[in-house]
Amino acid sequence: MLSQENIKINKERIISLLRSTNREGMDKVINYLEENDFFEIPSSLRRHHNWDGGLAQHCIGVYNRLTMTGEKLPKDSKIITSFLHDICKARKIYKDKNGEFRERKEEELHIPGHGYRSVKILEKLGLNLTPEEKRAIRWHMGGWKIGERTKDEIRDFFATKRSDLWRLLHNADRYDARNGTKNNEHNH
C-alpha cells in the first residue's frame, strides 16, 4: 500500500501534467478521475500494482518510461497516453461499503474492451485526442484477441503498429506492469 502522502503526491503530479497540455476537455477528464477514485484504487486486484494508489503509480511509471524512450514524441501525447490509457479502470475497480476493493464485471460496463473503453470514456468527456493518441490508447495492450476482431479492427491495429507513439506506450506499459508486481514507492 502506498502511504496517503505518496498517493497525494502522485495525484498532484498527474493533475499538474494533465493540465499542462491545455487540451480541450481536460478539466472534465480530471473531474472524472477524482470522482471515480483513480488516484486511490489499485491497477488491478490480482495482477500488477494491486495496492492502494497502484493505478496512478502505474501510470507514472509508464510516463517515466515513455519519457525516457520517446524523447522525440510530442510531450502532450506522452502525458495523455501515459496517464489516461487505463482510465477505464476508474469505474471498473471500486471500494465497496466495507472498504474492500471490488471489480465490476465486463457486462456491467456497457463498453467491451479495455483500450477501446478508455478511448470512448475520453471522447464522451470531450477530450480532444489526436488520431495517433486514440490508436495508441485503443491498442496499448497489443493485438489482444485479434482473431476475434472485425476486419476493420484488424486493419486499424496493423496500421497502429507503425506508430512510434503506440510502440513506445505499449512497451512502457508492459515494462512497468512487469516491474509492478511488488509494492514499492519508487515511481512517485
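1. What share of the contacts in the protein chain with a separation of 6 or more comes from residues 24 or more positions apart? These residues account for 66% of such contacts, where contact means heavy atoms within 4.5 Å.

2. The model is predicted, so local features need pLDDT of at least 70 and side-chain atom pairs count only at pLDDT 80 or more, while totals for chains, interfaces and linings use all residues. Residues are numbered from 1 along each chain as its sequence is written, and side-chain values use heavy atoms, with hydrogens and water left out.

3. The secondary structure of the protein chain comes to nine helices and two strands, which are DSSP runs numbered from the N terminus (helices H or I, at least four residues; strands E, at least two). Of its 188 residues, 48% count as buried, that is, under 20% relative accessible area with a 1.4 Å probe, protein chains only.

4. Helix H1 covers residues 4-20, and its buried residues are Asn6, Ile7, Asn10, Ile14, Ile15, Leu17 and Leu18. Seen down the axis of H1, they fall within an arc of 165° (taken from the directions from the helix axis to the C-beta atoms), so they line one face of the helix. Their cover includes helix H2 (26-35), helix H3 (54-69) and helix H4 (75-84).

5. Arginine 65 lies over the face of tyrosine 175, at 3.8 Å from the ring centre; the criterion is that NZ of Lys or CZ of Arg is within 6 Å of the ring centre and within 35 degrees of the ring normal.

How values were computed
The expected span of a helix is 1.5 Å times one less than its number of residues. Buried means under 20% relative accessible area, exposed over 50%, partly exposed in between (1.4 Å probe, protein chains only).
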